[in-house]
Amino acid sequence: MRRLLLASLVALGACASGPRTSYVPRDASLARAPLFFYPSQVDSLHPRAFILFLGNDVAFWEPHQELAWRLSKQGYAVAGLDIKKYLAALPEPEPARDSAFAAGIAPFIARVRHEMRADSLPMIIGGHSFGAEVAFWVALHQPPPHLVGVLALSSRSTGHLFVTPLDLLNYEASGRWAFSTIQAAHDIAPGVRIALVRGAHDPFIAHDSAFAAAGGARLRRYVIPLAGHSLKKLVIAGPMIERAVDWLLTGQ
């Protein structure tokens, strides 16, 4: 119980706000969704690509907002989704939760892309920790049109589509409704690249050899020196994540 309390306090402290934009979506349904919009700061009408970034099991917290802001400065149109809030609005019991997510996520992403004038642009789906695991699920089961890459920050080897207290304690997902992100890295369409980014001190780095074997030549690892699982400091991580995104889009 003390560990759960500590995790809750850490979670609350992690939800500070980062950079915001004044963007107001034209689609009223998106205005009510737990979304953050970061149009390209280079050319909002002609972004390089569209990135949907999923927050973790805490929220779309300050480091994610800062990362989205940085990527928008590189010419990407970025939308951030607080995946915890999004999932909390779905039916609770399984298999209703998985079925509702599977039915709703593709049209939801399509509306977000259209809002950002990115219908025909290359797309990258990414996330951190829990969000990275959900990104793997989407790329495998409901891949959006023009998907070129998965940006997986600090992914664990398993995931599920609901947040539990054990997620806040950073345990691997388990049980009937868990899925393997390593298997997803193997099964995602061959033309979709995977950038696996994690801190050198992330305890889940032990899974990276299995990820590399599963993803093969279309998976590339980026290890952030001195960083842990949270990747909340972007002094070093930020530029390396930007490199990973560029590789997903261009292969360079």
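Helices (H or I, at least four residues) and strands (E, at least two) are DSSP runs, numbered from the N terminus. This is a predicted model, in which local features need pLDDT of at least 70 and side-chain atom pairs count only at pLDDT 80 or more, while totals for chains, interfaces and linings use all residues. Residues are numbered from 1 along each chain as its sequence is written, and side-chain values use heavy atoms, with hydrogens and water left out.

**Stop 1: the end of H9**

Select glycine 216, which follows helix H9 and has a positive phi, near 65°. Now step back into H9 (residues 208–215) and colour its buried residues: Asp208, Phe211, Ala214 and Gly215. They sit on the same side of H9 because they cover an arc of only 125° around the axis. The arc is taken from the directions from the helix axis to the C-beta atoms. Buried means under 20% relative accessible area, exposed over 50%, and partly exposed in between (1.4 Å probe, protein chains only).

What do the buried residues of H9 pack against? Show helix H6 (130–141), helix H8 (181–187), strand E8 (193–199) and strand E9 (219–224); contact means heavy atoms within 4.5 Å. On the face of H9 turned away from its buried side, find the exposed residues Ser209 and Ala213.

**Stop 2: strand E1**

Select E1 (residues 35–38). Leu35 and Phe37 point one way from the strand and Phe36 and Tyr38 the other, and all are buried. Within E3, alanine 79 is the bridge partner of phenylalanine 37.

**Stop 3: aromatic rings**

The whole structure holds 7 aromatic pairs. Rings of Phe, Tyr and Trp (its six-membered ring) pair if their centres lie within 6.5 Å; planes under 30 degrees apart count as stacked, over 60 as edge-to-face and the rest as tilted. Tyrosine 23 and phenylalanine 37 have ring centres 5.1 Å apart and planes at 40°, so this pair is tilted. Tyrosine 23 lies in the loop between helix H1 (2–13) and helix H2 (28–31), 14 residues from phenylalanine 37. Tyrosine 23 is partly exposed at 24% relative accessibility, whereas phenylalanine 37 is buried at 6%.

Next, select tyrosine 86 and phenylalanine 101, an edge-to-face pair with 6.0 Å centre to centre and 85° between the planes. Both are buried.

Note on methods
Pairing = 2+ DSSP bridges.
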